[in-house]
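Dear colleague,

Please find below the structure that I am handing over to you. I would be grateful if you kept it open while you read the notes that follow.

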Amino acid sequence: MAAMWSPIIALLLLLLPLVPSSSSAITLPLHGNVYPVGHYYVTLQIGKPLKHYFLDIHTGSNLTWLECQHPHLGCQHCTQGHKHSYYSPKLSNLKVGCQHMYCVALRKDLPGINPQCPIKEPHQCHYKIRYLDGTTEGVLSLDKISVGGKENNIALGCGYNQHPRKPSPVHGILGLGMGTVGFVPQLKLQKMISKNIIGHCLGKDGGGYLFFGDKQFGSEGITWAPMRRYELFYSPGQAKLHLDGQPEPIYKHGVNAVFDSGSTYTYIPARIYNPFVHTVRHMIGSSHREVHDHDLPHCWKFKSIDEVKRLFKPLSLQFDNKIAMHIPAMNYLIHTRSNNWCLAILNGTHVGEDRRILIGDATMRDMLVIYDNQDGRLGWVHQQECTRPHPASRL
């Protein structure tokens with residue numbers, strides 16, 4: 001999805017300090033962007049001795065894992081570019097038995113994960129996870145992590161087999177999903193934070209911040225929606241896509257929507273996507289030639305950003321109880337290096353997502369999104385910019 005960052009830039013990112021954290025919350029700076037990097041990620045220290053790793057923040061995945069040099073299996077299909085910094089746990093770290101609470105959680109709770117307990121290795125918890133763009137396979141590990149000035153042991157994956165193998169600026173995934181094995185539930189269980197609340201603000205031009213715990217921030221204007229139970233994904237329920245305030249949706253039936261910060265773009269099923277693209281083409285007119293730009297299939301050239309803003313109208317996702325997420329044009333468009341303006345909403349059916357809307361990073365840029373697992377609600381509000389949160393009222 002993105003070219004590797006240079007070693008010099010990567011080293012500078014490692015030296016950036018953590019945002020100061022309160023006693024009840026942890027706040028971390030984000031690096032990366034939607035385009036061209038394709039990830040928003042944090043830097044965490046993991047292992048014995050502690051080493052720095054880049055982890056893609058992923059609210060659609062429960063397990064935290066790193067590309068790993070397994071003591072016996074090696075790294076069978078790992079991405080190229082950071083071999084020197086593969087996670088290399090000791091064999092003793094990998095003795096997480098099949099009856100361990102976190103292995104049981106993987107088997108019981110998490111869709112898309114298939115933990116296995118081989119007869120010859122009952123002391124190891126094997127897993128295989130499928131994502132939109134591939135799979136990862138590994139075993140559970142218990143190891144030290146340092147976050148927000150606090151240290152403790154957590155369960156994470158030693159991912160020794162990735163498909164497809166392709167360059168990436170990150171070493172693994174920070175699992176921020178709802179399951180027991182999720183990163184934040186583990187922090188709360190070990191009293192490193194007081195509440196299971198997650199929030200992120202993804203900078204439009206890159207960067208931003210991520211927090212966990214009982215965070216203080218400006219709450220004015222936040223839209224709250226009840227958190228619906230949908231396969232352990234963060235969902236405000238069914239949504240209908242509307243264009244420019246039109247009373248009739250683009251597709252008349254609602255579709256379950258989920259927030260997924262591990263998805264670079266937003267994905268909608270073909271039955272919504274096709275009429276959406278047709279409407280956009282009609283909206284901008286036939287005088288602008290449509291082009292293809294790498295993974296982005298619907299792109300156009302324009303004379304100025306003012307022309308873009310004039311032609312592309314806002315969208316909204318309409319939920320139950322008259323709750324809405326308003327999406328400005330800049331939150332569903334990407335300006336590429338080829339000077340094309342491309343739709344950042346893609347056809348979910350092409351990647352096996354035909355039953356739901358995945359609200360990805362592109363749509364959530366310059367938006368504070370809050371996953372309040374304590375009170376079972378989701379919140380969002382647009383921001384002028386995603387810098388450090390301003391202390392204000394507490395959740």
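With which side chain does the side chain of Ser61 make a polar contact? Please note before reading on that the model is predicted. The partner is Tyr131: the two side chains make a polar contact at 3.1 Å.

Ser61 is found in the loop that lies between strand S3 (51-58) and strand S4 (65-67). Its relative accessible area is 4%, and Ser61 is therefore classed as buried, since that term applies under 20%. Leaving aside residues up to four places away in sequence, Ser61 touches Tyr131, Ile173, Gly175, Leu176 and Gly177.

His58 belongs to strand S3. Is His58 buried or exposed? With a relative accessibility of 6%, His58 counts as buried. Its side chain reaches the backbone nitrogen of Gly60 at a distance of 3.1 Å. When residues up to four places away in sequence are not counted, the residues that His58 touches include Tyr131, Ile173 and Leu174, and also Asp260, Ser261 and Gly262.

Four strands make up an open sheet, and their order is S17-S18-S22-S21 with antiparallel pairing. In general, the strands of a sheet pair through backbone hydrogen bonds, in either a parallel or an antiparallel manner.

Which strands stand at the edges of this sheet? They are strand S17 (291-293) and strand S21 (333-335), each of which pairs on one side only. From one strand to the next, the twist averages 45°. Helix H4 (residues 270-284) packs on the sheet, where the helix touches S18 and strand S22 (341-343). The direction of H4 makes about 15° with that of S18.

S17 and strand S18 (residues 296-300) run antiparallel and are joined by two bridges. Within this part of the sheet, Val291 stands opposite Cys299 in S18.

**Strands S14, S19 and S20**

Strand S19 (residues 315-318) pairs with strand S14 (residues 237-243) in the antiparallel sense, over four bridges. Leu243 has Leu315 in S19 as its bridge partner. S19 also pairs with strand S20 (residues 324-327), again antiparallel and over four bridges. Here the bridge partner of Gln318 is Ala324 in S20.

How many residues lie between S19 and S20 in the hairpin that they form? There are five, and Asn321 in the turn has a positive phi of about 60°.

**The cavity**

The structure holds one cavity of 30 Å³ or more. The volume of the largest cavity is about 50 Å³. Its lining consists of Leu241, Thr266, Ile268, Leu317, Ile327, Ile345, Ile357, Ile359 and Thr363.

**The protein as a whole**

The protein has six helices and 26 strands. Of its 395 residues, 56% are buried. Among the contacts between residues at least 6 apart in sequence, 66% join residues that are at least 24 apart.

With kind regards

Definitions and conventions
Residues are numbered from 1 along each chain as its sequence is written. This is a predicted model: local features need pLDDT of at least 70, side-chain atom pairs count only at pLDDT 80 or more; totals for chains, interfaces and linings use all residues. Side-chain values use heavy atoms; hydrogens and water are left out. Two strands pair if DSSP finds at least two bridges between them. Axes are lines fitted to C-alpha atoms, for helices over the stretch in contact, and angles run from 0 to 180 degrees between N-to-C directions. Contact means heavy atoms within 4.5 Å. Buried means under 20% relative accessible area, exposed over 50%, partly exposed in between (1.4 Å probe, protein chains only). A polar contact is a pair of N or O atoms within 3.5 Å; within protein, one must be able to donate a hydrogen and the other to accept it, and residues adjacent in sequence count only if both atoms are side-chain atoms. On a 1 Å grid over the protein atoms alone, a cavity is a set of points where a 1.4 Å probe fits but cannot get out, and a pocket is an open set with protein on both sides within 12 Å along at least five of seven lines; lining residues have an atom within 4 Å of a point. Grid points are joined across faces, edges and corners, and a volume is the space filled by probe spheres set on the points.
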